[in-house]
Amino acid sequence: MPESLFGIPTQAFLGQLLLGLVNGSFYAMLSLGLAVIFGLLGIVNFAHGALYMLGAYAAWFSLEKFGLGYWWALAIAPLAVGALGVLIERTLLKRLYRLDPLYGLLLTFGLALVAEGVLRDQFGVSGQSYPVPEALAGATDLGFMVLPNYRAWVVLASLSVCLGTWFLIEKTQLGALLRAGTENPALVQAFGVNVPVMVMLTYAAGAALAALAGVLAAPIIQVTPLMGSNLIIVVFAVVVIGGMGSILGSVLTGLALGLIEGLTKVLYPEASSVVVFVIMAAVLMVRPAGLFGKEK
Amino acid sequence: MTSPPATPTAAGQAPRPAPAAPHAERPARIARGVVLALLLVAPFIGLYPVFMMKALCFAIFACAFNLLIGYTGLLSFGHAAFLGSAAYATGWLARSAGWSPELAVLAGTLLAAALGLVIGLIAIRRTGIYFAMVTLAMAQMVYFVCLQMPFTGGEDGLQGVPRGALFGLLPLADDRVMYYLVLALFVAVFLFVQRIVHSPYGQVLKAIRENEPRAISLGYDVDRYKLLAFVLSTTLAGLAGALKTVVLGFATLSDVHWSLSGEVILMTLLGGMGTFTGPVIGAFTIVGLQNFLADQVGSWVQVIIGVTFIACVLAFRQGVVGEAVAWQARRRRRAG
């Protein structure tokens, strides 16, 4: 192994790439949820970032107030945020299904503002730190780099969740119903499937997925009310680049863009916050429907 | 050029503004006259001039935005980028380069137009919900560029921009002179938007909004029309930003932030998309609300804005003016 790559110490270089992969896993999980929700509900869920943020806060809150640790949070946060998702879908979103999707975007934008504003009022804008669980603390020396265990866990966990979701949607009976519901809800309803409940649970599942990503992220980044809105815009760009048609496509796009971002941070740090948007512009010029999208 | 027949049947339920009468009806005309008179005497009846100027700048911004969502059916979620970049450019030119205010404002506005052309070329490759996401992402890119550029002052923003003298003659430091300049420009923009919408070009825009495939099949180069509408809208948004910097004397990151892009949507939605006066009413309401609430409730302003958003989408999609027009139409129908 060489001492340095591109003039940067190998250890630092690989560290940045790993960080990029970690970010990419979050992009993948969030854009996956966005795509599934959009497919069935026809709503681009701007609140997805806020749900991710709420997941992280749920983890922090259950540790602070009830002393429930990380492993509990992995279950509690998705359940709580999923329940909130049920509430949102039942009371608000279901009134919008026959309208232009733009209204769904605007309503969920309003929801995101409310969630962010309430948490800012309660906890301020400064970050809360969340400890890395003991079992995953420390690092493993791989010889060519020192791998922080927690980061490896995040990548593995979110990849398994993404693949699990893919399997559920593409290979199971339930997934077949979901896909059929995306194509033609009236027909699926006529076959005796309770489509409104299916739609509700889909939104809840998307919300839970976002919350799970939030819990995974909590020990790595500062938990702040703003963490969701900063992320959701990048995820929108990821979704535009990948196209919302394919699940594996959005997972791959998310991971690849995270890696590219990490690489840019090493080679040309000034551009790292805009590189995803530049790629989006380039992809739009060449393939307007996105890399995995279907041309109309 | 003949305008294609208006088609009332859009695919699905597009964001449908109230059908605006081609010419304002009598009550509406009277109301406009009263409002204009009020605006003209505002500095003499104790209305805080800086607040009025700020609200007028945002009214210009909302009118510009409305040209796009209300008459072309394109939801831009990144309009703050144009307001903000013009605000920074004007501020820097007036302060550090020592340009006169009229040239600085002109340059800022032109910058927004150029930026609108570039972003428009990319964004119009997608429609509907994707258009919104693309504009949001491109605007976020502009935000990051503004955050990192040395001359924007980063987190502190650009402070202490002098107002100077218009054409070297009129001292803009006098709030009244500044106010009448802003008012004149606002009236000009208002009439300009009205003129555009009623022109044959505006009719084509509305045809695109109602049914894009049909407009294409009638032989219109839809992309070119949309791009021009986008650039017109961003240019006016730039004018709003440039003026705002001269009025307030600073440009900050909140001028390019996505939350401002959201606010201009709310202003237009609240007042009534696709109505001429709606965005103006919306802008005054939101700016007034923010000014008033900031003292009262502090950080709950964002929550209140969010709740207003939700309420508008659920129950009030035509906005104040749209609902008023619909109510009047219902009353007239009942009267026979």
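Helices (H or I, at least four residues) and strands (E, at least two) are DSSP runs numbered from the N terminus.

Please keep in mind that this is a predicted model, in which local features need pLDDT of at least 70 and side-chain atom pairs count only at pLDDT 80 or more, whereas totals for chains, interfaces and linings use all residues. Residues are numbered from 1 along each chain as its sequence is written, and chains are lettered from A and ligands numbered from 1 in the order in which they are written.

Which residues of α7 are buried in chain B? In this helix, residues 200-210, they are B:Gly202, B:Val204, B:Leu205, B:Lys206, B:Ala207, B:Ile208 and B:Arg209.

Stepping back to the whole of chain B, we find 13 helices and two strands. The radius of gyration of chain B (taken over C-alpha atoms) is 20 Å, close to the 20 Å that the globule rule gives for 336 residues, so chain B is as compact as a globular protein of that length; the rule is 2.2 Å times the number of residues to the power 0.38. Of these 336 residues, 51% count as buried, and the C-alpha trace of chain B spans about 60 × 45 × 40 Å along its principal axes.

Axes are lines fitted to C-alpha atoms, for helices over the stretch in contact, and angles run from 0 to 180 degrees between N-to-C directions. On the α3(B) side, B:Ala80, B:Ala81, B:Gly84, B:Ser85 and B:Tyr88 meet B:Met138, B:Ala139, B:Val142 and B:Cys146 of α5(B), where contact means C-beta atoms, placed from the backbone, within 7 Å.

Turning to chain A, there are 11 helices and four strands, and 49% of its 296 residues are buried. For 296 residues a compact globule would have a radius of gyration near 19 Å, and the 19 Å of chain A agrees.

Within chain A, α9(A) and α11(A) also pack at an angle of about 25 degrees, their axes 9 Å apart, and that makes α9(A) roughly parallel to α11(A). The residues in this contact are A:Val234, A:Ala237, A:Val238, A:Val240 and A:Ile241 of α9(A), together with A:Val276, A:Phe277, A:Ile279, A:Met280 and A:Val283 of α11(A).

Finally, how many residues does each chain give to the contact? Chain A gives 36 residues and chain B gives 36 residues. On the side of chain A, α4 (101-123), α9 (227-242) and α11 (275-286) each supply at least two residues, and α4(A) has the largest share, 16 residues.

Definitions and conventions:
Two residues are in contact if their C-beta atoms, placed from the backbone, lie within 7 Å. A residue is buried if 20 or more other C-beta atoms lie within 10 Å of its own, exposed if 12 or fewer, and partly exposed in between; C-beta atoms are placed from the backbone. Angles under 35 degrees count as roughly parallel, over 145 as roughly antiparallel, 65 to 115 as roughly perpendicular and the rest as oblique.
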